[in-house]
Amino acid sequence: MSLLEVTDLTKNFGGLAALSNVNFRLEESELVGLIGPNGAGKTTFFNLLTGVYVPSEGDILLETEGKQTKLNGKKPYVITDLGLARTFQNIRLFKDLSVIENVMIALHSKSGIGTLHSIFRTPKYYENDKKLREESIALLKIFKLENKLDTLARNLPYGEQRRLEIVRALATQPKILFLDEPAAGMNPQETAELTDLIIQIQKQFQITVVLIEHDMSLVMNVCERIYCLEYGRLIAEGTPEEIQKNPAVIKAYLGGE
Ligand SMILES: Nc1ncnc2c1ncn2[C@@H]1O[C@H](COP(=O)(O)OP(=O)(O)OP(=O)(O)O)[C@@H](O)[C@H]1O
């Protein structure tokens with residue numbers, strides 16, 4: 001049984017088939033790429049897996065404690081609780097909260113502390129708050145954001161906002177992390193640093209990472225397996241070497257024969 005199994009996934013928007021009969025699987029602790037030209041259906045695929053859209057057809061099955069749980073139609077927060085976290089192509093942070101607050105909120109969802117403790121500010125609340133703060137700082141250190149703790153998210157440079165979004169997603173303690181164009185808008189040095197970070201967190205947290213990315217050198221450098229979509233259909237799956245040689249992929253990117 002794979003960690004995640006997607007069968008015949010289809011999403012129609014009116015007359016447009018944004019995704020047609022896509023089959024996809026993820027194993028534990030692998031780093032997988034999802035590529036394809038503009039409009040191929042990559043973000044739609046992430047949106048289906050994370051509960052933003054409901055599939056028109058097909059199944060999304062997550063392995064949890066030895067059995068398969070169907071994710072179709074579940075709300076995004078339920079899917080996050082089941083261990084799927086994501087970042088967005090257009091960064092989504094609490095822009096008017098500080099860096100550390102953005103992370104603490106994400107960690108809080110896993111802390112299990114009751115609402116009454118929070119309302120009455122009991123000793124347990126303060127104890128928990130201290131713990132969340134320490135855990136947040138530890139995560140922010142990995143992403144070199146520890147000296148920006150009190151900076152408002154909106155005042156961070158673009159590359160750091162992208163990194164903070166990844167920290168927030170990691171704070172929900174996912175089994176699978178979906179990154180939607182994490183290097184978009186970054187300069188070559190930032191992209192190289194991000195590449196190292198993605199490899200590091202995948203190893204350190206033993207999670208599965210799925211990456212949508214237009215930067216081919218990043219995809220080819222970090223991914224063990226790559227899926228390629230075109231016009232909503234899966235046209236190839238393989239190792240970076242296989243994908244680079246695949247005639248259908250070359251045709252999709254370069255056009256013609
Ligand atoms: N909510 C929606 N309503 C209608 N059409 C949509 C919707 N979301 C996506 N689409 C369409 O579905 C197709 C796939 O879009 P999607 O954003 O998934 O592609 P993508 O591969 O992520 O593209 P890009 O690389 O440009 O981000 C496109 O034709 C897009 O216009």
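Mentor: Welcome! This is a predicted model, where local features need pLDDT of at least 70, side-chain atom pairs count only at pLDDT 80 or more, and totals for chains, interfaces and linings use all residues. Residues are numbered from 1 along each chain as its sequence is written.

Trainee: What makes K131 count as partly exposed?

Mentor: A residue is buried with 20 or more other C-beta atoms within 10 Å of its own, exposed with 12 or fewer, and partly exposed in between, the C-beta atoms being placed from the backbone. K131 has 13 C-beta neighbours inside 10 Å, so it is called partly exposed. You will find K131 in helix α5 (residues 123–142).

Trainee: How do you know that the span of α6 agrees with its number of residues?

Mentor: Helices are DSSP runs of H or I with at least four residues, strands are runs of E with at least two, and both are numbered from the N terminus. The expected span is 1.5 Å times one less than the number of residues. For the 14 residues of α6 (residues 158–171) that gives 20 Å, and the end C-alpha atoms are 20 Å apart, so the two agree.

Trainee: Why are β2 and β5 said to stand at the edges?

Mentor: Two strands pair if DSSP finds at least two bridges between them. The open sheet has 4 strands in the order β2-β1-β4-β5, with antiparallel pairing. β2 and β5 (67–70) each have a single partner strand, so one side of each is left without a neighbour in the sheet.

Trainee: What makes β4 and β5 a pair?

Mentor: β4 (residues 57–64) and β5 share 4 bridges in the antiparallel sense, and the definition asks for at least two. Here L61 stands opposite K70 in β5.

Trainee: Which residues are around the ligand?

Mentor: A residue is near a molecule or strand if its C-beta atom, placed from the backbone, lies within 6 Å of it. The residues around the ligand include F13, N38, K42 and Q89. α1 gives the largest share of this shell, 3 residues.

Trainee: How many residues of the shell are nonpolar, polar and charged?

Mentor: Ala, Val, Leu, Ile, Met, Phe, Trp, Tyr, Cys and Pro count as nonpolar, Asp, Glu, Lys and Arg as charged, and the others, Gly among them, as polar. The shell has 4 nonpolar, 7 polar and 1 charged residues.
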